[in-house]
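Student: I would like to go through this structure with you. Can we ask, term by term, what each word rests on?
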Amino acid sequence: MTPDTPILELRHTSTQFPLRNAWGRRTGWLRAVDGVSLSVVRGEILGVVGESGCGKTTLGKTIAGIFQPSTGEIRFEGSEIGSLSPTEGRTLRRRLQYCYQDPGASLDPHWKIGRALEEPLVIHTKLSADERRARVRGVLAAVGLPQTHLDLYPHELSGGQQRRIGLARILMLRPSLVILDEPTSGLDVSVQATVLRLFLEARARFDLTYLFISHDLSVVRLISQRIAVMYLGRVVETGATEIVFAAPKHPYTQSLLAAVPEVGGARVTETFWLAGEPPNPTNLPTGCRFRTRCPRAEPRCAEQEPALRHLHDGRMAACHFAE
Amino acid sequence: MRDLSVTFTTEGGIARVLDGIDLSLLQGEIMGLVGESGSGKTTLARSILGALPPNARLTGQTLRFDGRDLLTLGARAAAEQVRGRTITFVPQDPFSSFNPLFTVGDQLGELMRWKSPDRQPGERIYARARKRADRDRTLAMLRSVQLADPERLLTKYPHELSGGQRQRVMIAMALLPEPRLVIADEPTTAVDVTIQAQILKLLRKLATERGVSVLFTTHDLGAAWEICDRITVMYAGQALETAPVASFFREPMVPYTRLLLDSLPSRDAGLRGIAGDVPSLVAPPTGCRFHPRCPGASDVCRASHAVAVALAPEHWVRCHHPHREPVRA
């Protein structure tokens, strides 16, 4: 496999949830992820950004196999995994791990850290108890925690330490692709910086590829090589992080970047123009989904949905006016 | 202009959550209170409001608001005249602060019944004329926080509103009693950046137009930069530095403030955190509570917490070894 082969490739992947009325009859579909095509190259960090409700978590969970995609393909290391049943996909998915948003809530409060870390090995491998314990100790040292932490319960750890345990648990099975879902939300800035540094160290040491889902644009800018901006289930702009941040082409990306307060920069509150909130995803506008909030919207935007197309600098944007 | 100065110490059980905080707020000013979680920002906000949990004890020299000492004011008088009237609160999570069983209109009506600026102290009957005036006032306020179609909004239940709408209604509720001080406790942590920008804009506008003072607690330094006039940094229950916003970011003097600003994700600085953990408040470090993590700590830091000195105009510092040179030119 050449280094440029995508480790993960999505083609027109959609995830829909049925909407039901009070009697359980289906009244429609909520398209949480709608025709997303993405590829992740081995070794890179792809940042997925967007506001809450834009489908970024659903996208991550669909790739991890927690939700079944309704249409489209998901190829991981060359094989199709979207249509596999959970049992069939289990061996493949050992190498594709999903890191939950709040590791404190996803650890069993009755289990000591040592047992929680050992569990994936019990399920997925045939290692002996001694080998398992040796590997737990190795990974714990790699995430910078002392061995004494194995005998603690999750509530005895601080937020930053819980993230470390979450990462350690992911690393147990030696995955190649890790989906990090909002890995820094709820952390203080001083802790956030150390946790991010740990992610980067682990990536270099264990040869990982990250799909980094976050709403924090300043973090994504710092850590990822490429980004994909999502709005209401669609990717509206994607490209190299530096290019997109330097000159965003889609009006939504522009407003998202303009909304981030930057210390020492211009006051966002004096220039910010985007009004309103995203429309209800069960009742999407026709044509371009952003047109109800877009300052450049024209009649054409209501009639025809812009496709994600290549621009001259290699990025892709889904806007009629982007060039 | 009337000065508002607060000086107090609280004692929550045996944990010393706040340790000798001095703070003053001027009329129409937005004071940012920044610090990491567990630094005592919310406790400080709550003690001004008089809404501490029952196991907390508030001690201090003075806690004066508008010429009145809130420490000696009785609980009844505080509830009647101060809390919810001249000092109001915008909570962190607007969803859990609404009652899910009543419509937004019911809840706003209930608020106006007891806290309307027209109400005389001790008044028990809700007269028709006042009710009508209050309703008009409510609708006007909802329009001024940029909520479309306020009549329909009043008939909705809290879960029918989006996060941004709920936070706007909360701001409207905090402003309806025509307070002189609004305490906003992390009002933008639960909302997205585009909504955050709109809400910050709203707070800034209201403070400027109505002359309301705002105590804005946040852990987001970017948000503090956006709208604050002055900023106070807290660490483990101690206030370390107070400065006008420009000099706060240009020439922070306390080592903790510098490290905090360095932890912000940015291209040139890379990833720098602060080593170590926030200390336990039950057995806090002696003297300056930051000394175990401070690169410039000395024996005098372990022995005592420095008294506040103004090293530049309006720039108060409580540190034995402040940096004196600006960060960048």
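Tutor: Start with chain B, which has 11 helices and 12 strands. Helices (H or I, at least four residues) and strands (E, at least two) are DSSP runs, numbered from the N terminus. This is a predicted model, where local features need pLDDT of at least 70 and side-chain atom pairs count only at pLDDT 80 or more, while totals for chains, interfaces and linings use all residues. Residues are numbered from 1 along each chain as its sequence is written, and chains are lettered from A and ligands numbered from 1 in the order in which they are written.

Student: What share of the residues in chain B is buried?
Tutor: Buried residues make up 45% of the 329 residues there. A residue is buried if 20 or more other C-beta atoms lie within 10 Å of its own, exposed if 12 or fewer, and partly exposed in between, with C-beta atoms placed from the backbone.

Student: Which residues of H10(A) are called buried?
Tutor: Pro251(A), Tyr252(A), Thr253(A), Ser255(A) and Leu256(A) are. Each therefore meets the cut-off of 20 or more other C-beta atoms within 10 Å. Their cover includes H8, E9, E10 and helix H9 (241–246) of chain A, together with helix H7 (193–210) of chain B.

Student: At what angle do H4(A) and H5(A) cross?
Tutor: Helix H4 (residues 113–124) and helix H5 (residues 129–142) of chain A cross at roughly 120°, and their axes come within 10 Å. Axes are lines fitted to C-alpha atoms, for helices over the stretch in contact, and angles run from 0 to 180 degrees between N-to-C directions. The contact is made by Gly114(A), Leu117(A), Glu118(A) and Leu121(A) of H4(A) and Arg132(A), Arg135(A) and Val136(A) of H5(A). These residues divide into three nonpolar, one polar and three charged.

Student: Why are E6 and E11 of chain A said to stand at the edges?
Tutor: The open sheet of eight strands runs E6-E7-E8-E3-E9-E10-E12-E11 (chain A), with mixed pairing. Strand E6 (96–99) and strand E11 (309–310) each have a single partner strand, so one side of each is left without a neighbour in the sheet.

Student: How do you know that E7(A) and E8(A) pair?
Tutor: Two strands pair if DSSP finds at least two bridges between them. E7 (residues 177–181) and E8 (residues 209–214) of chain A have five bridges, in the parallel sense, so they qualify. Ile179(A) stands opposite Leu211(A) in E8(A).

Student: Where do the domains of chain B lie?
Tutor: Domain 1 is 4–228 and domain 2 is 234–317. Such bounds come from an automatic or database domain assignment. The C-alpha centres of the two domains of chain B lie 28 Å apart.

Technical notes
Two residues are in contact if their C-beta atoms, placed from the backbone, lie within 7 Å. Ala, Val, Leu, Ile, Met, Phe, Trp, Tyr, Cys and Pro count as nonpolar, Asp, Glu, Lys and Arg as charged, and the others, Gly among them, as polar.
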